[in-house]
Amino acid sequence: MIKSLLIANRGEIACRIIRTARDMGVRTIAVYSDADAKALHVREADEAVHIGPSPATESYLVGEKILAAAKETGAEAIHPGYGFLSENADFAQAVIDAGLIWVGPKPDSIRAMGLKDAAKTLMDNAGVPTTPGYIGDNQDADYLAEQAEKIGYPVLIKAVAGGGGKGMRKVDAAADFADSLVSCQREAAASFGNDIVLIEKWIESPRHIEVQVFGDSHGNVVHLFERDCSLQRRHQKVIEEAPAPGMDEATREAVCGAAVRAAKAVDYEGAGTIEFIADGSEGLRADRIWFMEMNTRLQVEHPVTEEITGVDLVEWQLRVASGEPIPVQQEELSIDGWAIEARLYAEDPASGFLPSMGPLDSLILDDRWARIETGVEEGDNVSPFYDPMIAKVISHESDRQEAINALKKALQYSAISPIHTNKGFLFECLDNSRFASADLDTGLIVAAGKQLISKEIPVPAAINAAAWRYRMDYSDWETDNRSLVNGLFGFRLNTEKKVTITLWCDGMAYEGNIKKGKTLASTYPGPGEEIIVTERGQDYLFSTSPLVSAGTAAISDGAILSPMPGKIIAVNVAAGDSVTKGQKLLTLEAMKMEHSLVAPFDGVVAELNAELDAQVSEGSLLVEIDAGDEAD
């Protein structure tokens with residue numbers, strides 16, 4: 001068995017791996033960048049090594065630094081987690097060449113599944129059903145247009161080296177094909193250094209079904225059943241569950257059997273996921289489910305599989321990497337209940353899901369109804385350099401509805417401040433009627449639109465609850481001790497009296513009435529302290545004195561502040577220009593994403609401090625809009 005393990009990752013997955021390794025008696029070594037010097041995974045590991053500056057390209061993505069840290073600490077093995085170097089075949093080979101154990105599939109297996117066109121051909125040969133389409137060396141635009149016509153519109157143009165939704169374009173009609181092809185190829189070349197594309201039939205009611213597989217060095221491959229990851233936003237998974245709703249035993253046997261054949265076709269070892277796309281227009285049917293791609297690593301959503309099977313996949317990874325066979329046979333694996341995972345991010349849905357950076361002054365995550373996987377604690381900072389995930393919240397109950405209910409409770413009785421999160425958005429997704437009835441496809445979030453976005457201003461129930469908490473008379477309230485957790489609790493007001501109190505939330509004043517109200521989650525305010533009230537998963541931070549945030553300043557006085565550290569990549573206005581509400585002023589690049597800053601109201605650009613290619617810090621004044629006569 002491996003005795004010492006270096007985790008070439010950060011955040012919640014590093015903490016997750018450390019936990020299992022520690023339980024197995026394995027010494028753990030963390031690596032960290034400047035931004036992560038005091039991170040939770042560093043504090044939890046037995047040893048930690050600094051590997052460079054904050055940008056991942058100068059630290060977590062530099063294989064030579066990872067190997068040097070392993071040599072320095074005497075690590076026996078390297079676990080890549082997911083993301084970063086986890087699917088880099090050259091790095092995997094370098095680890096092996098250095099005489100270390102690579103906790104993952106063989107480099108050749110990674111390469112075999114790394115390009116979508118080669119993987120699809122391989123799957124065809126292995127008898128795994130693939131989506132109808134064109135794969136080939138002929139990348140002539142006219143020829144590709146002819147293939148699209150043969151397949152039949154709508155079609156999907158997809159970069160063969162793509163991932164994460166990049167290098168993909170849906171084309172509805174022949175007239176749009178040429179422009180979409182050029183756009184897709186340009187994005188693919190910029191993102192992956194490879195502009196080769198394939199064309200697939202667009203599935204009108206697509207569901208994302210994936211199967212967890214596991215192989216060992218003794219030729220054994222098993223599946224651990226399927227997950228449904230159809231709830232997505234911009235091709236990024238939001239909520240995942242296992243098993244897949246509506247999956248009958250015959251279809252499950254066919255899909256999971258195909259996944260095992262796919263893994264065997266590349267002589268797979270370790271944890272991997274075979275992803276399928278299903279046409280759900282007539283329910284899940286074996287003849288309408290096709291191979292999409294393979295992820296040659298542990299998945300973000302692996303906990304839902306662990307919950308329904310009782311398996312610790314990280315433990316299996318370490319045992320198999322040590323040369324042991326898979327601990328069980330296929331017939332020993334079964335499904336127990338239902339599990340659902342929600343990805344809790346530091347982002348503001350009301351502002352186009354703009355990442356929200358800064359300190360976690362309050363971080364209460366309720367683990368009574370759900371498993372919590374996190375890489376942060378109260379007092380930590382959400383960094384602009386990495387994925388803004390705060391936690392994964394996973395419920396496991398006897399059936400799907402109970403799992404939904406438990407996950408909603410976990411979100412409702414958690415509180416995070418002062419940064420924005422998608423917690424309210426996740427709650428609304430779980431409460432959506434289509435999701436509740438398992439009427440799923442990857443377009444559900446787009447179709448639901450703004451109804452999933454919590455209101456920017458506090459709902460009356462939250463305002464009144466906060467008012468009551470500030471003027472609480474102990475004789476007027478009751479609470480259930482089962483609701484108490486880390487200072488956050490549910491309460492119900494009994495009093496008949498009605499008192500009005502002025503409260504502040506995000507710099508705006510509200511009048512709240514102290515009167516009978518429904519049970520809500522709330523922090524307990526001390527003298528002069530702020531209070532968080534949670535309604536339908538949405539956190540509202542209240543105070544009895546004005547609170548003015550950077551976001552408020554942008555709305556109230558026209559001062560457009562940088563929401564995070566970043567680089568100015570476009571400036572669309574000049575000093576003295578007249579602008580209208582919603583007009584794009586400039587574009588900021590941060591956290592691998594582009595963020596447009598817009599005018600909060602009609603007015604004139606009174607001050608412009610943004611220069612092209614300039615690096616700016618959080619809170620920097622970039623533009624000032626003067627309402628003047630334009631706002632009249």
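A residue is called buried when its relative accessible area is under 20%, exposed when it is over 50%, and partly exposed in between (1.4 Å probe, protein chains only). The structure is a predicted model, in which local features need pLDDT of at least 70 and side-chain atom pairs count only at pLDDT 80 or more, while totals for chains, interfaces and linings use all residues. Residues are numbered from 1 along each chain as its sequence is written, and side-chain values use heavy atoms, with hydrogens and water left out.

Helices (H or I, at least four residues) and strands (E, at least two) are DSSP runs numbered from the N terminus. In H3, which spans residues 63–73, the buried residues are Gly63, Ile66, Ala69, Ala70 and Thr73. Seen down the helix axis, these buried residues fall within an arc of 125°, so they line one face of H3; the arc is that of the directions from the helix axis to the C-beta atoms. Glu64, Lys71 and Glu72, on the other side of H3, are exposed. The buried residues of H3 are covered by elements that include strands S1 (4–7), S2 (27–33), S3 (47–52) and S4 (77–79), together with helix H4 (89–97); contact here means heavy atoms within 4.5 Å. Just after H3, Gly74 has a positive phi of about 70°.

The aromatic side chains come next. Rings of Phe, Tyr and Trp (its six-membered ring) pair if their centres lie within 6.5 Å; planes under 30 degrees apart count as stacked, over 60 as edge-to-face and the rest as tilted. A search of the whole structure finds eight such pairs. In one of them, the ring centres of Tyr134 and Tyr143 are 5.5 Å apart and the planes stand at 75°, so this pair is edge-to-face. Tyr134 counts as buried at 10% relative accessibility, whereas Tyr143 is partly exposed at 28%.

Phe353 and Phe425 also form an edge-to-face pair, with 5.0 Å from centre to centre and 80° between the planes. This pair links distant parts of the chain, 72 residues apart: Phe353 lies in the loop between strand S16 (347–348) and strand S17 (354–355), and Phe425 in helix H13 (residues 423–431). Phe353 is buried, with a relative accessible area of 9%, and Phe425 is buried at 3%. Elsewhere, Tyr60, Phe84, Phe385 and Tyr386 form one aromatic cluster.

Rings also meet charged groups. A charge sits over a ring if NZ of Lys or CZ of Arg is within 6 Å of the ring centre and within 35 degrees of the ring normal. The charged end of Arg368 sits over the ring of Tyr413, 5.7 Å from its centre, and that of Arg400 sits over the ring of Phe435, 4.6 Å from its centre.
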